[in-house]
Amino acid sequence: MRYGFVIDQDRCIGCHACTVACKEEHQVPIGVFRTWVKYVEKGEFPHTSRHFGVMRCNHCDDSPCTVICPTSSLYRRSDGIVDFDNQRCIGCKACMQACPYDALYIDPNSNTAAKCNFCAHRVEKSLEPACVIVCPTQAILAGDLDDGGSNVSRVVATQKVSVRKPQKGTQPKLFYVRIEGDLLEPTRLSREDTYLWADRRAAAGADATEHNLAGALAREVYDVPHPAPWGWKIAAYLWTKSISAGMLLVATILLSFAGQSAGTLFNIVCPAIALIALAVTSALLVFDLKRPDRFFYLITKPNFRSWLVIGTYFLLGYGISGSAWLLCGILGIPVPAVLRWCASAFAIASACYSAFLFAQAKGRDLWQSPLFLWHLLVQALVAGSATILIVGILTNTASEIFRPVTAVLLPSLVFSLAMILGEVALPHVSEDVRIATAGLIHGKLAAKFWGLSIGVGLVAPIVLSSIALSFPSSALELTAAVLALAGLWWFEELWVKAGQAAPLS
């Protein structure tokens, strides 16, 4: 049994009865929607046409939202309905990033994720969903796709149907009959500042790029708001996590391969800063939740398919190994080599797991880059070496390590610059990536990207570090380190914004 929808857009008159019925059935608050009708117009007067598209959850057979949800709040039932349990939801908003169809929202009353659940409570009583009952033209059909005698099964088998974004591999079970193709691909649409009956509300992060595509034939004239789920807290989390992981990773490299002695800087200061940055990282993650009071559900109700959960255990392991390292330093005990390498392994895992988490955000193509893991690893090396330089210079301790630390910082910056330029210069795998990249290189984010992230944050410290290696100068090394950390922050902020620039619906 697999329940699914068929929507005949030739029958749809855009009356919004389905939207109203859904809101009444589920008491959906004002400003958010489980189902909505989108309008687009094509042509120029007098040769114009208007087309409707009913948007909602696709109840995918391979639903990315259920995979990324860290507490199994979202789950796929045996009858194919993707339902949710708001008593388990922590409000992390990861599901909103994973859904390629913009079907999820945060309920402002409960601060938990919600969406169309196929009116599961009605289906269990052999009743049809509310939207099906109320549609005046019978444009919406619901039923079992595996039942050859059902209306939806017959339509899918005998008529030409379309689905949204089949390239995502989610196997959606919302089928459209005779829908205008531009409604299925939101990146084809031009967007104005005003809608048919209202001003358009700018979404958070919408300044990343302009959505008015040159040559677009269809105009979006009515839609509902889709604010960007993640903001500065996620960028700050990536930044502080890089600092935390980089401290002990770089310390291990210097102690093991550069022949440095294990003094106070490496045995006490480095693990202490690593643990402080880790605590800040954890705090950012918790306070970014819409339900921070439920953060412990990550441990008590884990979904081990989600990299949010796996990453939580990596951070715990790193915290434990870092605490053991610090304890050895405080007690004056030599840090065992096995502990150093264990801490380094957890440091790499803590730095890089976010690449797999962002890869589970299937709605955001920019974040699917195979280079992102290497970005995170190199960023940890940059952040760790820069922070060690700053602390060493400001405390005037262990001046003999400045040169080897700079020797770690310089190639890390070069690799980071090369990968970033490669990301924006290589052919784009999708229109979403093109839009996101365009926002970075010549859109509204371009000044910060080229001026701050690339120029001030990478090129300048590369030049200063190169000079400092030939002509040792603590002032040059300190300046290079500060600029490198600042550049890393700007990059994280821009990467999070640009990734959410392309419209999903």
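Helices (H or I, at least four residues) and strands (E, at least two) are taken here as DSSP runs and are numbered from the N terminus. The structure is a predicted model, in which local features need pLDDT of at least 70, side-chain atom pairs count only at pLDDT 80 or more, and totals for chains, interfaces and linings use all residues. Residues are numbered from 1 along each chain as its sequence is written, and side-chain values use heavy atoms, with hydrogens and water left out.

Helix α12 spans residues 337-360, a run of 24 residues. The distance from its first C-alpha to its last is 35 Å, close to the 34 Å expected at 1.5 Å a residue, where the expected span is 1.5 Å times one less than the number of residues.

Two packed helices are described by the angle between their axes and the distance between the axes. Helix α11 (residues 307-331) packs with α12 at an angle of about 160 degrees, and their axes are 8 Å apart. Helix α11 is therefore roughly antiparallel to α12. For these values, axes are lines fitted to C-alpha atoms, for helices over the stretch in contact, and angles run from 0 to 180 degrees between N-to-C directions. Angles under 35 degrees count as roughly parallel, over 145 as roughly antiparallel, 65 to 115 as roughly perpendicular and the rest as oblique. The crossing of α11 and α12 is left-handed, meaning that the near helix is turned anticlockwise from the far one by less than a right angle, whereas clockwise would be right-handed.

A disulfide is a covalent bond between the sulfur atoms of two cysteines. With a disulfide defined as a pair of cysteine sulfur atoms within 2.5 Å, a search of the whole structure finds zero. The cysteine sulfur closest to that of cysteine 12 belongs to cysteine 18 and lies 6.7 Å away, too far for a bond. For cysteine 15, the closest cysteine sulfur is that of cysteine 135, at 6.2 Å, which is also too far for a bond. Cysteine 12 is buried, with a relative accessible area of 14%, while cysteine 15 is partly exposed at 40%. Buried denotes under 20% relative accessible area, exposed over 50%, and partly exposed the range in between (1.4 Å probe, protein chains only).

Several loops carry backbone features of note. The peptide bond from phenylalanine 45 to proline 46 is cis, with omega near 5 degrees, and proline 46 is placed in the loop between β2 (36-44) and β3 (47-55). Lysine 93, although not a glycine, has a positive phi of about 70 degrees. This lysine 93 sits in the loop between β5 (82-84) and α3 (94-98) and is buried, at 7% relative accessibility. Glutamine 171 is likewise not a glycine and has a positive phi of about 55 degrees. The loop between β9 (161-162) and β10 (174-177) holds glutamine 171, which is partly exposed, with a relative accessible area of 48%.

Two pairs of residues illustrate separation in sequence and in space. Threonine 137, in the loop between α5 (130-134) and β8 (140-144), is partly exposed at 22% relative accessible area. Threonine 137 and arginine 11 are 126 residues apart in sequence, and their C-alpha atoms are 6.0 Å apart. Leucine 488 belongs to helix α17 (residues 474-499) and is buried, with a relative accessible area of 7%. Between leucine 488 and serine 385 there are 103 residues of sequence separation and 13 Å from C-alpha to C-alpha.
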